[in-house]
Amino acid sequence: MAEEIKVDDTVDITDVVCPVTFVKAKVALEELEDGQVLSIRMNDGEPVQNVPRSIKDEGHQILKLLDNQDGTYNLIVRKAGEE
Amino acid sequence: MAFTNEQMERYSRHIILKEIGVKGQKKLLASKVLIIGAGGLGAPAALYLAAAGVGTIGIADADAVDLSNLQRQIIHSTADLGKPKVLSAQESMEAINPDVQVNTYQEFITSSNIMDLIRDYDFILDGTDNFPAKFLINDACVMAGKPFSHAGIIRFKGQLMTVIPGEGPCYRCVFKNPPPKDAVPTCRQAGVIGAMAGVIGCLQALEAIKYITGTGELLVGSLLTFDALTMEFHKIRLPKKDPDCAVCGEHPTITKLIDYEQAACDWKPGEKV
């Protein structure tokens, strides 16, 4: 059985469009402590193609991408400290 | 402070930038910048700083909008003719961004009011058009320990430098004293191209934003010059802070602010000389 990941906070970015999708995720990550985990709910298509990449570029760790089978995904991210 | 969805969208292009991000935008919203002069330099700088979400912008200028201003002072419009420049500037800034608190000071800066004006601000932008004001701003900012952006423009040329008192040379370390009265023509006599003023004013706004967000390298210890005819920028490394500088040196001889005399042609009715 896969190890359960403890999620510290969630944010829903299905109500906004690019580039505010990434901005809203970034603002939510900002509220967390380093090492904490955020679950980001996003739409299929453009958000799922771009948001994970942008978050990875910022140095955060992508833990998982879960398909909710309803046209949305949950991206599980661990916040990295600033270099 | 949490961002509203509207702010996330308004500032999205900033927040996306790694160098600015959420923290940088919050710093901008919490910051206070004073712009002295709502003219060729101050107009574009004020518009960009308001658009960027600088939370408090002070604007100081005693003049009213004149038809000859509109060729370059893009914060004012034809409908504003005769209106105090600070009010016209305030309206334009508030129209761009309601997040911004604009404080207006409809007065000329002098040795007796400048310390009070700069006291509450984090960064000062010199958008004035005469040497007495430029030296006054330098000396006051050095004495108060306030960082500021100096700029000057004439014809097709402009220059700027950023002064952080204690960290690099001040304007007086480099230029010592104002030139003799009438030795250097003013924009009024010599002319100035509006878009070039815009370039330099925008560079000043950039320096303010970079200072506030702690991003990149400032023009501290450097003078950037721009020639619009040849399209050449030159970044000139300045000598270190001058230990013999009359205002920021080890034994300053200027300990009181000075009101230098304005060039005679710049005298306007009602203005104290």
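Select I193(B). Its relative accessibility is 34%, so I193(B) counts as partly exposed. Keep in mind that you are looking at a predicted model. I193(B) sits in the loop between helix 9 (187-190) and helix 10 (194-213) of chain B.

With I193(B), they form a nonpolar patch on the surface. Together the three have about 270 Å² of accessible area.

**Helix 7 of chain B**

Next, select residues 131-144 of chain B. This is helix 7, with 14 residues. From first C-alpha to last, helix 7 reaches 20 Å, close to the 20 Å expected at 1.5 Å a residue.

Is helix 7 mostly covered or mostly open? It is mostly covered, with 11 of its 14 residues buried. Among the buried residues are P132(B), F135(B), L136(B), I137(B) and V142(B).

Go to the start of helix 7. Show N130(B) and A133(B). A side-chain oxygen of N130(B) reaches to within 2.9 Å of the backbone nitrogen of A133(B). Then jump to the residue that follows the helix, G145(B). Its phi is positive, near 70 degrees.

**Salt bridges**

Side chains of opposite charge can pair when their charged atoms come close.

Show the side chains of D139(B) and R172(B). They meet in a salt bridge, at 2.6 Å from N to O. D139(B) is in helix 7 and R172(B) is in helix 8 of chain B, so the pair ties together parts that are 33 residues apart in sequence. Are these two residues buried or exposed? Both D139(B) and R172(B) are buried.

Now select E31(A) and K26(B). Their side chains meet in a salt bridge of 3.6 Å, N to O. This pair crosses between chains. E31(A) belongs to the loop between helix 1 (20-30) and strand 2 (37-43) of chain A, while K26(B) belongs to helix 3 (residues 21-30) of chain B. K26(B) has a relative accessible area of 24%, so it is partly exposed.

Move to chain A. Select R41(A) and D70(A). They form a salt bridge, with the closest N and O atoms 3.9 Å apart. This pair links distant parts of the chain, 29 residues apart. Look for R41(A) in strand 2 and for D70(A) in the loop between strand 3 (61-67) and strand 4 (72-78). R41(A) is partly exposed, with a relative accessible area of 30%. D70(A) is also partly exposed, with 47%.

D12(A), R41(A) and D70(A) are linked in a network of salt bridges.

**Last stop: V16(A)**

Select V16(A). Find it in the loop between strand 1 (9-12) and helix 1 of chain A. At 16% relative accessibility, V16(A) counts as buried, because buried means under 20%.

Which residues does V16(A) touch, not counting those up to four places away in sequence? T21(A) and K24(A). Finally, select N43(A). V16(A) and N43(A) are 27 residues apart in sequence. In space, their C-alpha atoms are 9.7 Å apart.

Note on methods: Residues numbered from 1 in each chain as written. Chains lettered and ligands numbered in written order. Predicted model: local features only at pLDDT ≥ 70, side-chain atom pairs only at ≥ 80, totals over all residues. Heavy atoms only, no water. Helix = DSSP H or I, 4+ residues; strand = E, 2+ residues; numbered from the N terminus. Expected span 1.5 Å × (residues − 1). Buried < 20%, exposed > 50% of the residue type's maximum accessible area, 1.4 Å probe, protein only. Polar contact = N/O pair within 3.5 Å; in protein donor to acceptor, adjacent residues only side chain to side chain. Patch = residues over 30% accessible without salt bridge, like charges linked within 9 Å, V, L, I, M, F, W, Y side chains within 5 Å. Areas by Shrake-Rupley, 256 points an atom, 1.4 Å probe, with all protein chains shown as cover. Salt bridge = Lys/Arg side-chain N within 4 Å of Asp/Glu carboxyl O. Contact = heavy atoms within 4.5 Å.
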